[in-house]
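Dear colleague,

I am handing over the structure we spoke about, and I would be glad if you could look through it alongside the notes below.

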Amino acid sequence: MKMKGLFKKLAALSLVGVMSIGVTACGSGTDSSSTSSKNTAEGTAESTAAAEKGGKDTGVTIKFQQWWGVECPEGYVQNICDQFYKDTGITVELLNAPFADTKTAIESGAATGTVADLVSVDSSWVYDFADSGLLTNMSDLLAADGFDQSIFASTWDVNGSIYAVPVVNYAYPLFYNKDILDKAGVTELPKTWSKFKEACQKIKDAGYYSFALNLDASSPSGIQNVYMGFAWASGIHFKKDDGSINVAGNGDLKTFAEYYKELFDAGYIYPGMASLTEADMTSKFASGEIAFIVNSAAAITAWNKDYPDLNLGAAAIPVKDDYTGKSGNCVASWAVGITENSRHKEEALKFFEYLMAGLNGDDASINADLAVTQSAFPGSTLAKPDYSASSEVFQDIYANYNAGYPINEFTGMKEANTIMVDWINELIPYMDGDTDVDTYLNNVQAAIEDIYGN
Amino acid sequence: MDNVYKKIKAAIKNKATPYLFLSPTVILMLVLLVLPIIMVIYYSFLNNAVVVKEPHLVGLSNYKSIFSDKEFWGAIKNTVFFVTVSVAAHIAIGMGFALLLNSNYFKRGTKTIARVIYVLPWVFTASVIAILWKLMLQPSGIIDYLLSFVQLATKDTEWLSNRKISLAVITFVNIWCGYPFYMISILAGLQGISQDLYESSALDGATAFKRFLYITVPQLKPILLSIMMLDFVWTIQSFSVIWMLTGGGPVNSTQTLSIYIYKLAFHSSKYAKASTAAVFALVVCIIISIFYVKQQKKVRE
C-alpha cells in the first residue's frame, strides 16, 4: 500500500517536472543560428549532405519566413536554399506558412523576439513593418555591400529608403472564357470601355454573367486588383506625382466610378459582390459562370490543372475610349525584406542578392527560373526568363505586360489593408445608389487622410 | 527529537501532496489562461503592442478612443442583436424539438432517426457550416432556386451581400448550428422530471399548456439558465462562421465585437486597441460567468 502511495507521488512529481520543462521550453527564445528544426528537418539533412559533398559550413543558419514554399512546386524553394548552402555554406531554414497566416507569423515572431532573418512581405504590410522597426533599412545594407541596385525592376520604399524588394511580380490581366464569348457572339476582344459594355450586354443576353468584382471585407484585394486595376489601365491614379492623395474632386476617378456604376446598374457585374471573395470569383469563372475576370496570372497553373476544359484567354484591360497612353498593369509581388532584429543581416542580404543576381551579382538564372515556374515576371532586370514553353495565354499576358508599366498605388501605404476596407465600405453604398459619386470620393479621401492623421 | 522531525515531515508531505497533484493543471492554467489575460489587459494601457519597438503606457487613452469609435458601437449593436436573437431562438427551437422527442406521439425508431438528424448541425465544424451555407445562399444557389418557386426570391437574390438583411442571415445560420445543444440538454432535463407530477396535475384538470408552464419550465429552470449563460458567452465570442461568410461586411453590417477585435489586430496591427476591446468583452463574459457560477452553486445546494 505504502509502495503504491510512493509510486503515485513519484509519478505526480515526474509529471510536474516534465510539464515545467515543457512550459519553460515553450517560453524560451530561440537562437536563429541554432540548428534548424520544425518542418525543415528534411531540408537541413539535405543541406548537411550537401556540405559533405564539398561546401564549407559557416555554421550560420538564417531563417526565411514566407509562403513561397506552399505555393511553389514541392521542394522547389528548398532546392534553391540547398544550392545556396553548397555555394556559400550558409544554411537557410524555411519557415513555411500560407499567405493568409504569414503576416500574423511575422508579427508574433517580432513580439516574441523570434522573427525570421528574412521575411516575404506583401505590398500592404511594408509601410507598417518599416514604421514599426520590424524591417531594416535595406538601402543602407545594399549600399554598404556595394550591390548594384539598378538591377531591381522595382523597390518598395518608405520615407525614401528601400525596405523590401520584389523578387517576382504577378500581373493582373483580364481573363476571358472563350466558349462564353463565342456563344454570346463576341467576336472581337473589347479594347475600350464602350466596347466592353457592348460585349457585357451580349454576354448577359446569352444568359451568362459578364464580369465580377470581389468586394469581400475579409480580404479586400478586389478594390486593388480589380477596381483600381481597371482604372490604372486607363492612366487613372488616386495619387498625385508627389504622392499626395487625390481622390476627392478627381475628375478621372469620378468618370471611372460612374462607368463602373453603369456596369453594375446594367446587371453586368456578378451579384453578391459585397461578399464575393477572390477564391469564389475565380472558381465561378473557371466553372463557366462568368465571362470576364481580372485575376492574377498565377492562377493559370491551377486552372490548367483543375479545369482542363476551361477555354481560357487573357487580354489587356479595356481603356477609356479616348485614352491613348500606356496602360498601367496592376501587379502583386513576392517581395523580401530583412528584419531589424536579425543577427545575420549580412548573410540574409547575401541570400536575397543570390535570389536576384546569383552568387557574383551577374547571374539571375534563379530569378528567371522562379518567374517562369510561377507564371510571373522577374524582379531582377538581369533575368532573361525563357517563356517559350509557357502557354499561349501566358505569352499574351507577357506581351501586354511589356507594352504597359507595372503599378500598384497601394504599395507602401500606411495601413493599406484598412484603407482598402474603408474604400470598399464607401464604394458599396455608392454602387447601391445610397450615396452620390462626390460623397463617395470625398469619404474615401477623408478615410485615407484620417489614417495618415491629416 | 527524531520523532518530532518525522511527524513534521509527514505533516508537510500530507499537506503538499494535494498541491502537487493540482500543480500540472495550475501551471497550465497560469501559462495558457492567466498570463495571456494579464498581457492583454497590460497591452490595453500601451500606445501599441507587438509591432512597436518601445511601447509606453498611455493610461486610459485606448479606452477613450475605443468608446468614442462609431464602429465599436456599431459592432456592439450588431453583437447585441446577434446574441439575443440567437439565444432566444436557440431556446425556443431547442425546447420545441426536445418536447417533440420526449413526447409519446412518435415511435422509438422515428425518435432515434429524428434525434440524429436534429443533432447534425451541431456536429459540423465552423468551416463546413460556412461553406455549406455560402454555397446555398449565393446568387443562383439552392435557396434562391427553392424560394423562387414561391416567388419569395429571384435567382439573383443576395442574402449575404445585402446590408439590410445580412445580419439577420448570419444570425439564422448561427441559430441553425447552435440549437442542438439546447435540444440535447433540455431533453436530458425532461427525462429527469418525475411523471407523478404530470399525472397528479392531470387529475387536477390542468391543461397541457399549464402543465408546461407550471411543471416543465420550473423543473427545467436550472438547466435552462445554465445553458443560456453558456450560450451567451459562446455567441459573444462567435467568430469563424461570421468571418467566413461575410468577413464582417458588407459595410460592417455583420461586424460583431469579435470581428471588430480581429480586424483591429490583424488588419490594422493596432494590438493595443484590439486588446482594449477584448478587455471589454472579457468584462462582459466575467459578469455572465459570475451569474453562471452562482447558478451552478444554487443547483448543487
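This is a predicted model: local features need pLDDT of at least 70, side-chain atom pairs count only at pLDDT 80 or more; totals for chains, interfaces and linings use all residues.

The interface

Where chain B meets chain A, 39 residues of chain B are in contact with 39 residues of chain A, and the two chains bury about 3,100 Å² between them, with 57% of that area on carbon and sulfur atoms. Within the area that chain B buries against chain A, Arg163(B), Val251(B) and His267(B) supply 17%, which is more than any other three residues give.

As for polar interactions, 17 residue pairs are found in polar contact across the interface of chain B and chain A, counting pairs with both residues at pLDDT 80 or more, and there are 4 salt bridges between the two chains.

On the side of chain B that touches chain A, the elements giving two or more residues are α1 (2–43), α10 (240–245) and α11 (257–267) of chain B, and the largest share, 9 residues, comes from α1(B). Sorted by class, that side of chain B has 18 nonpolar, 12 polar and 9 charged residues.

The sheet in chain A

In chain A, 4 strands form an open sheet with mixed pairing, in the order β7-β8-β6-β9. Because β7 (209–211) and β9 (312–315) of chain A each have a single partner strand, they stand at the edges, and one side of each is left without a neighbour in the sheet. From one strand to the next, the twist averages 20 degrees.

Strand β6 (residues 174–177) of chain A pairs with β9(A) in the antiparallel sense over 4 bridges, and Leu174(A) stands opposite Ala315(A) in β9(A). Helix α9 (residues 193–205) of chain A packs on this sheet, where it touches β6, β7 and β8 (290–294) of chain A, and the direction of the helix makes about 160 degrees with that of β7(A).

Salt bridges overall

A search of the whole structure finds 10 salt bridges over all chains. One of them joins Glu107(A) and Lys103(A), with the closest N and O atoms 3.8 Å apart; these two residues are 4 residues apart in helix α5 (residues 99–112) of chain A, and so they are separated by about one helical turn.

With best wishes

Notes:
Residues are numbered from 1 along each chain as its sequence is written. Chains are lettered from A and ligands numbered from 1 in the order in which they are written. Side-chain values use heavy atoms; hydrogens and water are left out. Contact means heavy atoms within 4.5 Å. Buried area is the accessible area (1.4 Å probe) that two parts lose on being put together, summed over both. A salt bridge is a side-chain nitrogen of Lys or Arg within 4 Å of a carboxyl oxygen of Asp or Glu. A polar contact is a pair of N or O atoms within 3.5 Å; within protein, one must be able to donate a hydrogen and the other to accept it, and residues adjacent in sequence count only if both atoms are side-chain atoms. Ala, Val, Leu, Ile, Met, Phe, Trp, Tyr, Cys and Pro count as nonpolar, Asp, Glu, Lys and Arg as charged, and the others, Gly among them, as polar. Two strands pair if DSSP finds at least two bridges between them. Axes are lines fitted to C-alpha atoms, for helices over the stretch in contact, and angles run from 0 to 180 degrees between N-to-C directions.
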